[in-house]
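Hello,

I am passing a structure on to you, with some notes on what turned up in it. Please have a look, and then read on below.

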Amino acid sequence: MPTPPTGPGSPAPARPGRKLGPIAADASASHRAWLEPLREFYLASGMTIEQLGHRMGWSRSKISELLRAVGRYPRWECLRALLRALAVPDSSVVVLRGLWVGAARELNKRTVWINGCVAKDFPHPDSERPVHFSAFQELYRDIYFRYAHTFLRRPVVAERAVYDAFFLLHVLWDEALSSENPERFAWRVLRETVMERTPHPGGCPDLVDAAFDSVALRRANDHATELHQVEESLNLFRAVRHLPPDQLDVIVLMHLRGMPDLDVARVLGRPVGVIRSTERHAKRSLNDCLFPTRSTPEGPR
């Protein structure tokens with residue numbers, strides 16, 4: 001957690017002018033995680049809000065609202081300008097940026113919005129990426145694209161979603177490495193980025209178009225078989241889209257993308273036993289949905 005300077009040489013927190021108001025009661029814990037250190041940096045600066053506003057060319061009300069979490073969630077550019085005016089060290093800025101991103105994601109801000117806010121901090125992202133991040137990107141880029149393309153049927157849209165996911169991962173890479181499982185952390189970023197671009201009719205991700213790209217349909221060798229398979233695929237995919245997220249991902253990767261369970265476990269950051277168990281639960285749910293009479297003792301077998 002970044003901390004403001006302390007000690008004999010530090011500015012006195014007492015200053016003339018109106019006292020800084022409290023943080024809004026409805027501010028989330030993740031919002032407070034970066035706002036509280038920011039307020040400490042402000043108090044340690046010895047400046048009044050009026051002086052800070054004069055230095056930045058901002059109104060006092062705008063600064064006061066940002067420091068109290070009043071109004072809309074601020075863009076990173078605004079926060080970055082304030083940190084620069086307060087002469088916050090770069091190391092602390094990096095930490096606060098990660099906390100800002102975390103709060104933005106918790107507020108369901110879209111990845112493209114977050115990336116657009118922090119883009120100026122990474123003018124040459126490809127050349128600045130750590131070697132181990134680039135290796136991670138090369139390892140999982142194709143799998144991420146295949147997953148994204150299942151939901152986002154236009155290749156250019158799927159490629160953009162994967163690019164945006166990796167850009168955000170670059171911003172959060174230190175956090176990913178310090179997490180319990182970097183693969184699991186990264187998959188969550190990828191999944192959220194894809195899902196925010198995927199239509200959700202009825203509250204579930206749309207998979208109807210993917211029914212026409214199923215393995216069984218590609219193997220159909222005559223017109224009658226193809227029509228029958230289309231109907232079966234549509235029914236199946238309508239059921240698949242209602243699965244819980246973890247089951248949906250396993251079914252998509254294993255049965256739509258044809259990945260072995262060991263590879264699915266690796267990309268999702270889960271033990272292979274968990275993947276196999278998740279697959280069994282998903283198949284049972286699909287069977288109950290598609291063939292309800294077979295799921296009851298009284299029904300036909």
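Predicted model: local features only at pLDDT ≥ 70, side-chain atom pairs only at ≥ 80, totals over all residues.

Let me start with a pair of helices. The axes of α15 (residues 261–268) and α16 (residues 272–290) cross at roughly 110 degrees and come within 8 Å. The two helices, α15 and α16, are therefore roughly perpendicular to each other. Which residues make the contact? On the α15 side they are D261, L262, V264, A265 and L268, and α16 brings in V272, I275 and R276. Sorted by class, this contact of α15 with α16 has six nonpolar and two charged residues, and no polar ones.

Next come two buried arginines.

R80 sits in helix α4, which spans residues 76–85. This arginine, R80, is buried but has no salt bridge. How far away is the nearest side chain of opposite charge? That side chain belongs to D90, and the distance from R80 is 4.2 Å, whereas a salt bridge needs a side-chain nitrogen within 4 Å of a carboxyl oxygen. Setting aside neighbours within four places in sequence, R80 is in contact with D90, V93 and D121.

R241 is found in the loop between α13 (223–240) and α14 (245–256). R241 is also buried without a salt bridge, and D206, its nearest side chain of opposite charge, is 4.8 Å away. Not counting residues up to four places away in sequence, R241 touches H200, P201, C204, P205, D206, L207 and L248.

Enjoy exploring!

Best wishes

Methods
Residues numbered from 1 in each chain as written. Heavy atoms only, no water. Axes fitted to C-alpha atoms, helices over the stretch in contact; angles between N-to-C directions. Helix = DSSP H or I, 4+ residues; strand = E, 2+ residues; numbered from the N terminus. Parallel < 35°, antiparallel > 145°, perpendicular 65-115°, else oblique. Contact = heavy atoms within 4.5 Å. Nonpolar A, V, L, I, M, F, W, Y, C, P; charged D, E, K, R; others polar. Buried < 20%, exposed > 50% of the residue type's maximum accessible area, 1.4 Å probe, protein only. Lys, Arg positive; Asp, Glu negative; His and termini not counted.
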